[in-house]
Each structure stands twice: as C-alpha cells, then as structure tokens.
Amino acid sequence: RAVPHDTHGGVHVLNLVEGEEAIVESPTGAFEPFIVHYAETFIVPAAVGKYTIRPHGASVGRECATMLAFVRT
C-alpha cells in the first residue's frame, strides 16, 4: 500500500531501510515517479508537498520502511 507523506514546506531526506525497492510518486504530478533501492538515500524538495511511497518490483506484497530526516523551520 502507498504511504502518504507531506513536506509541509520543508526538505525531506529519506533512506530506504527495509525492502528491495520502492516507488516515490506525486498524486498531483509535481514530479515524475522514481524508484529507489535498498540503502539508497533520496531527497524530496520542499515545494513538492504531498507524495507517496509504496513497494515496487520485488517488494510488492512486502513491507518497506524509510527513515526520514528534515530540517525544522
């Protein structure tokens, strides 16, 4: 299942810490979907707003987990 996130105006730095791969998508089309793999770090710009992360490829039907870091404003 897709997990909703929202930048709330701050930059998000994430790392895929569980699962082989996941896809990051914008429900509003703010960016092209992209795939991340285990242990990869990726950045979601503040301007994106809402986005989702869900298992992809070999991880479909399995659980994925990310670690999120952000800067408080």
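Predicted model: local features only at pLDDT ≥ 70, side-chain atom pairs only at ≥ 80, totals over all residues.
## Backbone: positive phi values

H8 has a phi near 50° and belongs to the loop between β1 (3–6) and β2 (12–18). Its relative accessible area is 71%, so H8 is classed as exposed.

A39 shows a positive phi of about 75°, again without being a glycine. The residue sits in the loop that joins β4 (34–37) to β5 (41–44). With a relative accessible area of 49%, A39 is partly exposed; the class of exposed residues begins over 50%. A39 also takes part in a contact across the sequence: its C-alpha atom is 6.1 Å from that of N15, although 24 residues separate the two along the chain.

## The largest pocket

The largest pocket has a volume of about 190 Å³. Its lining comprises 13 residues, and those nearest the centre are R1, V3, I53, P55 and C64.

Three strands, β1, β6 (50–55) and β7 (65–70), each contribute at least two residues to this lining. The greatest contribution is that of β6, which provides three residues. In terms of residue class, the lining of the pocket consists of six nonpolar, three polar and four charged residues.

## A nonpolar surface patch

V11, V13 and I43 together make a nonpolar surface patch of about 240 Å². Of these residues, V11 is placed in the loop between β1 and β2, the loop that also holds H8. V11 has a relative accessible area of 39% and is therefore partly exposed.

## Salt bridges

Side chains of opposite charge can pair when their charged atoms come close. The structure contains two salt bridges.

One of them joins R62 to E20, with 3.9 Å between the closest N and O atoms. This pair connects distant parts of the chain, 42 residues apart: R62 is in the loop between β6 and β7, and E20 is in the loop between β2 and β3 (21–25). The cut-off for a salt bridge is within 4 Å, and the R62–E20 distance of 3.9 Å meets it. As for accessibility, R62 counts as exposed because its relative accessibility is 56%. E20, with a relative accessible area of 45%, is partly exposed.

The other pairs the side chains of R54 and E25, at an N to O distance of 2.8 Å. Here both partners are in strands, R54 in β6 and E25 in β3, so the bridge ties together parts that lie 29 residues apart in sequence. R54 is partly exposed, since its relative accessible area is 30%.

At 78% relative accessibility, G61 is classed as exposed. Its C-alpha atom is separated by 8.3 Å from that of R1, a residue 60 positions away along the chain. R1 is also among the residues nearest the centre of the largest pocket.

A47 occupies the loop between β5 and β6. With a relative accessible area of 78%, A47 is exposed. A47 and G9 are 6.3 Å apart in space, C-alpha to C-alpha, and 38 residues apart in sequence.

The C-alpha atoms of V24 and H56 are 9.4 Å apart, while the two residues are 32 positions apart in sequence.

Methods: Residues numbered from 1 in each chain as written. Heavy atoms only, no water. Helix = DSSP H or I, 4+ residues; strand = E, 2+ residues; numbered from the N terminus. Buried < 20%, exposed > 50% of the residue type's maximum accessible area, 1.4 Å probe, protein only. 1 Å grid on protein atoms, 1.4 Å probe; cavity = no way out; pocket = protein on both sides within 12 Å on 5 of 7 lines; lining within 4 Å. Points joined across faces, edges and corners; volume = space filled by probe spheres on them. Nonpolar A, V, L, I, M, F, W, Y, C, P; charged D, E, K, R; others polar. Patch = residues over 30% accessible without salt bridge, like charges linked within 9 Å, V, L, I, M, F, W, Y side chains within 5 Å. Areas by Shrake-Rupley, 256 points an atom, 1.4 Å probe, with all protein chains shown as cover.
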